[in-house]
Amino acid sequence: MFKQAEFPEPTLVQVNGVDLEIFEAGRENNGNPIVLCHGWPEHAITWRHQIPVLAAAGHHVIAPNQRGYGNSSRPTKVTDYDIEHLTGDLVALLDHYGYEDATFVGHDWGAFVVWGLTLLHPDRVNKLINLSLPYQERGETPWIEAMETFLGRDFYFVHFNRQPGVADAVFDANPSQFIRNLYRKNVPPAPPEPGMAFINLAKAETPLGEPVMTESELAVIISAFETSGFTGSINWYRNLDRNWHQLADADPIIKQPTLMIYGNQDFAVPRFERLAEFVPNVEVVGLDCGHWIQGEMPEETNRVISEWLDQQG
């Protein structure tokens with residue numbers, strides 16, 4: 001059972017022109033920061049199992065609700081959610097705490113931001129740990145354009161871009177049902193339905209599989225999206241081609257020590273078989289779970305992360 005009292009109380013920190021809602025632990029471990037970056041449609045609470053363990057291991061743990069989420073700022077301009085702004089928030093967060101660099105951990109979209117941060121600001125990242133989403137090769141074609149060609153207009157990345165506001169309205173009308181249907185594990189495989197998968201999920205009256213979270217944990221995320229709506233978070237997707245252009249001049253090789261954790265049952269996110277070409281100092285671990293790795297297998301996730309961090313010294 002999730003107990004609010006056991007999760008850090010948030011503070012609002014003004015950085016990079018926005019307010020970020022920050023959850024901290026282990027402040028006494030000043031000088032050893034680790035920053036936890038959530039994905040979509042998530043919340044800093046998705047790191048609830050990792051925060052106390054990392055703090056007890058001697059880290060100053062900083063878990064922001066990134067822009068567009070929770071009580072953090074929600075700018076109205078779509079372009080305010082591009083990779084330069086998202087990584088700029090994290091750089092400014094380090095500056096706020098007086099840190100030259102930190103270890104960054106990302107899940108899902110948070111992993112994309114951590115990869116981008118390491119490319120755009122390599123001097124601010126000393127190690128990185130990413131869950132679910134591997135490094136994305138830039139390629140010769142902007143990402144949304146390529147996805148539309150190969151995956152079609154109903155693929156959710158493409159849909160969010162080509163039909164702005166449609167999915168937002170469905171999610172905003174069904175936040176509880178959408179979140180409850182989404183945070184599931186051991187979902188039986190089924191052929192894809194016509195239409196946009198996440199819209200179908202938001203409208204589905206019966207969830208499949210088993211819940212990843214308790215009712216009280218789900219309530220925190222549902223309440224956050226009832227307040228914020230989904231548009232700010234979806235605007236991250238609407239900058240994917242803009243991000244492709246912004247990353248054009250970055251050295252594509254990540255040199256920092258890297259841990260990549262996959263969910264072996266996460267069929268939505270394929271492994272990147274050429275990962276070591278772009279991330280030569282990477283260790284890859286697969287856990288027997290789906291997409292919500294740190295919530296589905298928290299103890300195993302903590303063990304893998306802790307052992308890897310200990311090995312790095």
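This is a predicted model: local features need pLDDT of at least 70, side-chain atom pairs count only at pLDDT 80 or more; totals for chains, interfaces and linings use all residues.
Local features need pLDDT of at least 70 and side-chain atom pairs count only at pLDDT 80 or more, while totals for chains, interfaces and linings use all residues. Residues are numbered from 1 along each chain as its sequence is written, and side-chain values use heavy atoms, with hydrogens and water left out.

Eight strands form an open sheet with mixed pairing, in the order S1-S2-S4-S3-S5-S6-S9-S10. Strands S1 (10-15) and S10 (282-287) stand at the edges with a single partner strand each, so one side of each has no neighbour in the sheet. On average, neighbouring strands are turned by 25 degrees against each other, direction ignored. Here strands (E, at least two residues) and helices (H or I, at least four) are DSSP runs numbered from the N terminus, and two strands pair if DSSP finds at least two bridges between them.

At the S1 end, S1 and S2 run antiparallel and are joined by six bridges; Pro 10 has Phe 23 in S2 as its bridge partner. The two strands form a hairpin with two residues between them, and Asn 16 in the turn has a positive phi of about 55 degrees. Strands S5 (residues 102-107) and S6 (residues 125-131), by contrast, run parallel and are joined by six bridges, with Thr 103 opposite Lys 127 in S6.

Helix H2 (residues 83-97) lies across S1, S2 (18-25), S3 (33-37), S4 (60-65) and S5, and runs at about 105 degrees to S1. Contact means heavy atoms within 4.5 Å; axes are lines fitted to C-alpha atoms, for helices over the stretch in contact, and angles run from 0 to 180 degrees between N-to-C directions.

Turning to charged pairs, the count comes to 13 salt bridges, each a side-chain nitrogen of Lys or Arg within 4 Å of a carboxyl oxygen of Asp or Glu. One of them links Glu 217 and Arg 48, whose closest N and O atoms are 3.0 Å apart. Glu 217 belongs to helix H9 (residues 215-228) and Arg 48 to the loop between S3 and helix H1 (51-56), so the pair ties together parts 169 residues apart in sequence.
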